Amino acid sequence: MSIRENSERVEERIRAACARAERRREEVRLIAVSKTFPVTSIRAAYEAGLRDFGENRVQEAALKIPELGDLAVTWHLIGHLQTNKARRARELFGWIQTVDSPSLAEKLERAARPGANRLPILLEVNLGGEESKYGLSEREVMETAEKIVSLPSLDLRGLMLIPPFFADPEGARPFFRRLCALAAELRAAGFSGVSELSMGMSHDFEAAIEEGATMIRVGTAIFSAREIG
Ligand SMILES: *Cc1c(COP(=O)(O)O)cnc(C)c1O
């Protein structure tokens, strides 16, 4: 299957999930996760109509993004960001979805150029409490949000989740639901901009859409299987 055919298939799945959930298609942004894939694959996805791309490593993105400067796309960082790469990440990415500590937020703030646009960010939440994963615990989310409010160049827009792995996507559903509730708690506490929910990947994005995802991160269903990464 070509990238175009895969993208069409993903689009059909998104539309079907939106219909089931009585949501409009425009409420869900499809982020094509291009990590490990070459720029030729990204161009093919662009030609198939995709405009948002996700990369998980700054180093890899720094090689690919400049080669694609002629494309009108938005780049999302979806992998863990080390504080010493905050400056480079700010230069490369339009969104940082993986803010997982107050100190990273501060580093991103300090990396802002004078007069820079505010950087849209998401807080990564580790709802499963998994040791192997980055992300804030539920308890830390509120206090981190409070700190970010004092950082003028950052624009807190929502939450991002990588749930524990379940072969059956229904296993992830309670985590998707919880992330949605957590965002509502933040809005009720005065963080009115927390409206984005980045959740759902190739095998479970339908359940995520049904539970309120506004961004889904889809790699293999578009680009086919990764060899590494
Ligand atoms: C790789 C990756 C994805 C995409 O996963 P697929 O199963 O290939 O769709 C989504 N989110 C994050 C954070 C990833 O690292």
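Predicted model: local features only at pLDDT ≥ 70, side-chain atom pairs only at ≥ 80, totals over all residues.

Biologist: What makes Glu11 and Arg25 a salt bridge?

Modeller: The term needs a side-chain nitrogen of Lys or Arg within 4 Å of a carboxyl oxygen of Asp or Glu. For Glu11 and Arg25, the closest N and O atoms are 2.6 Å apart. That meets the cut-off, so the pair is a salt bridge. Glu11 sits in helix H1 (residues 3-21), and Arg25 in the loop between H1 and strand E1 (29-33). The two are 14 residues apart. Helices (H or I, at least four residues) and strands (E, at least two) are DSSP runs, numbered from the N terminus.

Biologist: Why is Arg25 called buried, and why is Glu11 called partly exposed?

Modeller: Buried means under 20% relative accessible area, exposed over 50%, and partly exposed in between (1.4 Å probe, protein chains only). Arg25 has 16%, so it counts as buried. Glu11 has 21%, so it is partly exposed.

Biologist: How do you know that Asp52 and Arg29 tie together separate parts of the sequence?

Modeller: Their side chains meet in a salt bridge at 2.8 Å, N to O. Asp52 lies in strand E2 (residues 52-55) and Arg29 in strand E1, so the pair ties together parts 23 residues apart in sequence. Asp52 is buried, because its relative accessible area is 9%. Arg29 is at 27%, so it is partly exposed.

Biologist: How many salt bridges does the structure hold?

Modeller: It holds 23. Among them is Glu55 with Lys64, at 2.8 Å, N to O. Both of these residues are buried. There is also a network of salt bridges that links Arg20, Glu170, Arg173, Arg177, Glu210 and Glu211.

Biologist: Why does Asp204 have no salt bridge?

Modeller: Its nearest side chain of opposite charge, Arg13, is 7.3 Å away. The limit is 4 Å, so Asp204 has no salt bridge. Here Lys and Arg count as positive and Asp and Glu as negative, while His and the chain ends are not counted.

Biologist: Which residues does Asp204 touch?

Modeller: Pro163, Pro169, Ala172 and Phe176, not counting residues up to four places away in sequence. Contact means heavy atoms within 4.5 Å.

Biologist: Why are Phe37 and Phe223 called stacked?

Modeller: Rings of Phe, Tyr and Trp (its six-membered ring) pair if their centres lie within 6.5 Å; planes under 30 degrees apart count as stacked, over 60 as edge-to-face and the rest as tilted. The whole structure has three aromatic pairs. Phe37 and Phe223 have centres 5.1 Å apart and planes at 20°, so the pair is stacked. Phe37 is in the loop between E1 and helix H2 (39-47), Phe223 in helix H9 (residues 220-223), 186 residues apart. Phe37 is buried at 10%, and Phe223 is buried at 4%.

Biologist: What makes Phe166 and Phe175 tilted?

Modeller: Their centres are 5.9 Å apart and their planes at 40°, so the pair is tilted. Phe166 is partly exposed, at 29% relative accessibility.

Note on methods: Residues numbered from 1 in each chain as written. Heavy atoms only, no water.
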